[in-house]
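Hello,

I am passing on a structure that you have not worked with before, and my notes follow it. Please read them with the model open beside you.

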Amino acid sequence: MRPRAVIIGLVLAVLLATFGWANDYLLAQARVADHLIPLSVFGLLVMCMLVVNPLLRWLPGQRLDGRDWSVVIGMLLVAAMMPSPGLLWHFTPLVSLPHRYQAANPGWQERDLLSYAPACMLVDIDPDGDGVPDDRIVYGLQQGLRPGERVGVSGVPWGAWDKTLGFWLPLLGLGFTASVCMALVLHPQWAHRERLRYPVAELASELIHGAGERAWPAIFYRREFWFGFVPVMAILLFNGVARWTQMPFSVPLLFDFTAVLQKWPFLNIAPDLALWVLKPRINFIVLGFAFLVSTDVSFSMGISPILFAAVFLLLHSFGLNPRASNVGGLSQNIESFQKMGSYLGLAAIIVYTGRYYYGSVLSRALGVRVGDPVSPAVLWAFRLAVLAAAGMVGVLTAVGLAWPLAVGVVLLSGVIMLCLTRMNAETGMYSFHVWWHAGGFLQAMLGSAALGPHMFAIMAILAAQSTWDPRVKMMPLVANALKIGENGGVRPTRFTWGLLPTVLLCLLLGVLGAIILQYNFGTVSLGWSTAVARAPWDAMMGAWRDFENRPPGAAGVAWSLAEVNRTFLVVGGIGFGLVVVTSALRLRFSWWPLHPVLFLLWGTWPMQVMAGSWMMGWFLKFMMIRVGGGSAFTRFKPMFIGLMAGDFASRILLAVWGMIYYAVTGTHGPVMFDF
């Protein structure tokens, strides 16, 4: 890694982490990082390859080659975690807004819900300790401390935040450390032994390959690339201009088949069927990924909403509603139970297929020289990941979470991160909803009465921050960064030790920067963040009747009241079996059409939005290979890379125009892309 590339990557990463939130919530422009292929990274990459790199050739000694760009993009990727739904979209609302909600909700006040959470998990609204809440602590975040005026760093009420940041920053830092290290541990198995595709990394590497050798990277000299790039960019720019100018027409990218509901109105029972399955939309990024991955993956993604609707209707005919929740709780319904089992099934398959490698890593990390040789850097990464996980358990127990629950929360959250990373590396799916949480699993195993309100509150807040909106997570970002770096000639072991301090620095600056910006400017809209901030406490209200069955004065886990949810055992077992059996059939029979990822993603919002494009991409690839033979993939691959590059180029241009418009007029333009 050349120092110049590291410096450029670090500067851009810090800027993205510190000011990315402002773009999303103050300028209200195209979001910089709302999924695993952030516009701020891939849009910038396309424009740099088109414009910046050719200009650098005229500056002696300033040319950046493919290895340099791999470093820059990898560092930007991990920094994109900070201003994303995975962290800063929800962090300050989650720790501040509950005070406002309790003040306005008599039911919350009667039970004094917030008193059951450790004080350090929420911002302190009485930092002076005089018993008089300071309204500026919460409302200052939303409106600014002095609207129309600016406060310096010293003007921010840090006294209200010191204990809160003292809890969350170490916990998040340890979690990010474990994610970075585990991504390196998994890399040799997934990238070299199982040869996973890493479609996100493949897209970046294709756009970078050959940079610096000529004016543009190699793929820009393929005419097939421009066959995809130019039409897509023209269509999306035209539609953007149409939306800005309120033109009465645009190029349609959504198809409406809801007329079939007039003939079969019973289909309305299935959730979101009319909205998504019968209204497929063209997403050019998804079309590109559908061509890059194997056909069983793209077919499974495309068919998933239809299969989910069929299963939903079947269960409904027997009087069962998969999404009917019990009283409150952390994702306690048939659908969440099925996904809990499916995620555990995928984790079991991951461990089984790599059992020899993982066994070697574990034994050699303990000092026992058995199994295959393992890089010393990988062994140290594994040890550091284990220490970071143990540190997370220590932090959670220090604030009152029973140690068995703390261990369960850390391990189950790790299972979710492992499965999200695997799905992204194998399928290219770049946005996720999981529909379950570690706290929900433990609630299903023990029951709300056994947990009690104190344990319940801690796990609910952790779930809201970590997995309620998991569209962007650290481990998948690092996995792709390592693969991009390796494709560009950077050793993953060396790159990891460069990414880790970058992540921790961006975490610190991102959180502090967001707090300073909010106390200066307030927020335009918190959107979905308000629902995330309410979710833990609404769940507590729903489970309150169970809490009343506990012995008086009991604060910890009442193990004598523990009772496993039998529906969870049955439905979770079915979900586990579906993934294991489908994986076995896929490995045994080459003609098997379904991928097990189907059962982890079906019914989720990102899958419903993208399914139509996955099916279109599958059909296009199937027909091209059927007509053109095996060489068709190589021949048409640049065109589909061009589709995705054209999409990113149009998005970044419209985003820049939106910023210019806001700077000149002080008003926001229309939202260009909903997803």
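**A helix pair and some salt bridges**

Helix α2 (residues 39-56) and helix α3 (residues 66-79) pack at an angle of about 155 degrees with their axes 10 Å apart, which makes α2 roughly antiparallel to α3 (the term is used for angles over 145 degrees). The contact (heavy atoms within 4.5 Å) involves Val41, Phe42, Leu44, Leu45, Cys48, Met49 and Asn53 of α2, and Trp69, Ile73, Leu76 and Leu77 of α3.

This is a predicted model, in which local features need pLDDT of at least 70 and side-chain atom pairs count only at pLDDT 80 or more, while totals for chains, interfaces and linings use all residues. Residues are numbered from 1 along each chain as its sequence is written, and side-chain values use heavy atoms, with hydrogens and water left out.

A search of the whole structure finds 15 salt bridges, each being a side-chain nitrogen of Lys or Arg within 4 Å of a carboxyl oxygen of Asp or Glu. One of them joins Glu426 and Arg586 (3.5 Å, N to O); Glu426 lies in helix α17 (residues 403-427) and Arg586 in helix α24 (residues 566-588), so the pair ties together parts that are 160 residues apart in sequence. Glu426 is buried, at 15% relative accessible area, whereas Arg586 is partly exposed, at 27% (buried means under 20%, exposed over 50%, partly exposed in between, with a 1.4 Å probe and protein chains only).

Asp538 and Arg534 also meet in a salt bridge (3.4 Å, N to O), and, being four residues apart in helix α22 (residues 528-542), they are separated by about one helical turn.

Best wishes

Notes:
Axes fitted to C-alpha atoms, helices over the stretch in contact; angles between N-to-C directions. Helix = DSSP H or I, 4+ residues; strand = E, 2+ residues; numbered from the N terminus. Parallel < 35°, antiparallel > 145°, perpendicular 65-115°, else oblique.
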